[in-house]
Amino acid sequence: MMEPGLYHLLFISGALFFIGVFGFFTRRNLVTMLMSIELILNSVNLNFIAFNKYLWPDKMDGLFFAIFIIAIAAAEAAVAIAIIINLYRSHGSIDVESAEELKN
Amino acid sequence: MSGSTIIFFMLAAFTLISAVMAVSTRHIFRAAIFLLFTLIGVAGLYFWMQYDFIAAVQIIVYVGGITVLIIFSIFLTQQAGELLPKQKMGRQIFSALAAFCGFALIMLQVYQHSFNQTTATAIEPTVANIGNRMLGVNEGGYALPFEVVSILLLAALIGCIVIAMRSKPVTS
């Protein structure tokens, strides 16, 4: 068995990314879609940290990108949940199919 | 096989299995709990890479903040014990196919590419180094993005209040 290195971490983050993409395609509930987005953002963070550790350990840019992505993801989740709860108040459901006023 | 390797593979399996469960279970509350486990697994991978600070940030912000927010929104919007509606089989199959093809493409590219590492001496990602760099205004400092992110967080805070406010000024 090989010693785990960059390729193993890239495999994990790639798998996590596409699991998130699969969830985003199949789910029709806004909260579960938000969970899939969190999975995708986490995989990107893992990628940045892995590249920083194994390829450029003399710099810290990947680490700072990960920190800023975490901050922006927190802001995004807060705004998204405010919108979801507002949608639930006006429509009584948070299924994406129920919000289609702009379709026609 | 050393202990470090065993821990790495256990963390990887834990993360990926809980991620798959989080996107495939039909109980929405269980999905949130599996998402929590996935985030803890990713934090464990950061600990494994010896990036302690970012692992702590991951646990505080994601596990302590975003997951709790998601669980609260589930409490506010779902009926108890109600399953998510079953999706069409065709949609599931095509989504799985698209995700798998994308994954295979990315992995083929990654394994064909040979990364070359720098030979420069490594900087330890300690909190002191991170803090000096984060608020540095010299070359390679991150003071300006730091301030921009703080403005963004303030804007998100005000935006949440505005969106969540009840707009009924007419009733007396």
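Mentor: Let us begin with a term: two residues are in contact if their C-beta atoms, placed from the backbone, lie within 7 Å. Helices (H or I, at least four residues) and strands (E, at least two) are DSSP runs, numbered from the N terminus. The model is predicted, so local features need pLDDT of at least 70 and side-chain atom pairs count only at pLDDT 80 or more, while totals for chains, interfaces and linings use all residues. Residues are numbered from 1 along each chain as its sequence is written, and chains are lettered from A and ligands numbered from 1 in the order in which they are written.

Trainee: What is the mean pLDDT of chain A, and where in that chain is confidence lowest?

Mentor: The pLDDT is the predictor's confidence in each residue, from 0 to 100. For chain A the mean is 89, and 98% of its residues reach 70 or more. Within chain A, confidence is lowest in helix H3 (residues 61-91), at a mean of 91, and highest in helix H1 (residues 6-26), at 94.

Trainee: Which residues of H3(A) are buried, and against which helices do they pack?

Mentor: A residue is buried if 20 or more other C-beta atoms lie within 10 Å of its own, exposed if 12 or fewer, and partly exposed in between. In H3(A) the buried residues are Gly62(A), Leu63(A), Phe64(A), Ala66(A), Ile67(A), Ile70(A), Ala73(A), Ala77(A), Ile81(A), Ala82(A) and Ile84(A). They pack against H2 of chain A and against H3, H5 and H6 of chain B.

Trainee: How is the packing of H2(A) with H3(A) described?

Mentor: Two packed helices are described by the angle between their axes and the distance between the axes. Axes are lines fitted to C-alpha atoms, for helices over the stretch in contact, and angles run from 0 to 180 degrees between N-to-C directions. The axes of H2(A) and H3(A) come within 9 Å and cross at roughly 175°. The two helices are therefore roughly antiparallel to each other; angles over 145 degrees count as such, under 35 as roughly parallel, 65 to 115 as roughly perpendicular and the rest as oblique. Among the residues making this contact are Leu34(A), Leu41(A) and Phe48(A) of H2(A), with Ala66(A), Ala73(A) and Ala80(A) of H3(A). By class, the contact has 17 nonpolar, 3 polar and 1 charged residues. Here Ala, Val, Leu, Ile, Met, Phe, Trp, Tyr, Cys and Pro count as nonpolar, Asp, Glu, Lys and Arg as charged, and the others, Gly among them, as polar.

Trainee: At what angle do H3(A) and H3(B) pack, and how far apart are their axes?

Mentor: The angle is about 10°, with the axes 11 Å apart. H3(A) and H3(B) are therefore roughly parallel to each other. Contributors include Ile70(A), Ala77(A) and Tyr88(A) of H3(A), and Val57(B), Gly65(B) and Leu76(B) of H3(B). This contact has 17 nonpolar, 4 polar and no charged residues.

Trainee: How do H2(A) and H3(B) pack?

Mentor: Helix H2 (residues 30-54) of chain A meets helix H3 (residues 52-77) of chain B at an angle of about 175°, with the axes 11 Å apart. That makes H2(A) roughly antiparallel to H3(B). Val31(A) and Glu38(A) are among the residues on one side, and Ile70(B) and Ile74(B) among those on the other.

Trainee: Where is Ile74(B) found, and which residues does it contact?

Mentor: Ile74(B) is in helix H3 of chain B. With 18 C-beta neighbours inside 10 Å, Ile74(B) counts as partly exposed. Leaving aside neighbours within four places in sequence, Ile74(B) is in contact with Val31(A), Ile28(B), Phe29(B) and Ala32(B). The C-alpha atoms of Ile74(B) and Phe29(B) are separated by 7.2 Å, although the two are 45 residues apart along the chain.

Trainee: How many residues does each chain give to the contact?

Mentor: Chain B gives 68 residues and chain A gives 57. The side of chain B that touches chain A divides into 50 nonpolar, 16 polar and 2 charged residues.

Trainee: What is the phi of Gln50(B)?

Mentor: Most residues other than glycine have a negative phi. Gln50(B) is not a glycine, yet has a positive phi of about 65°. Gln50(B) lies in the loop between helix H2 (28-48) and H3 of chain B, and counts as exposed, with 10 C-beta neighbours inside 10 Å.
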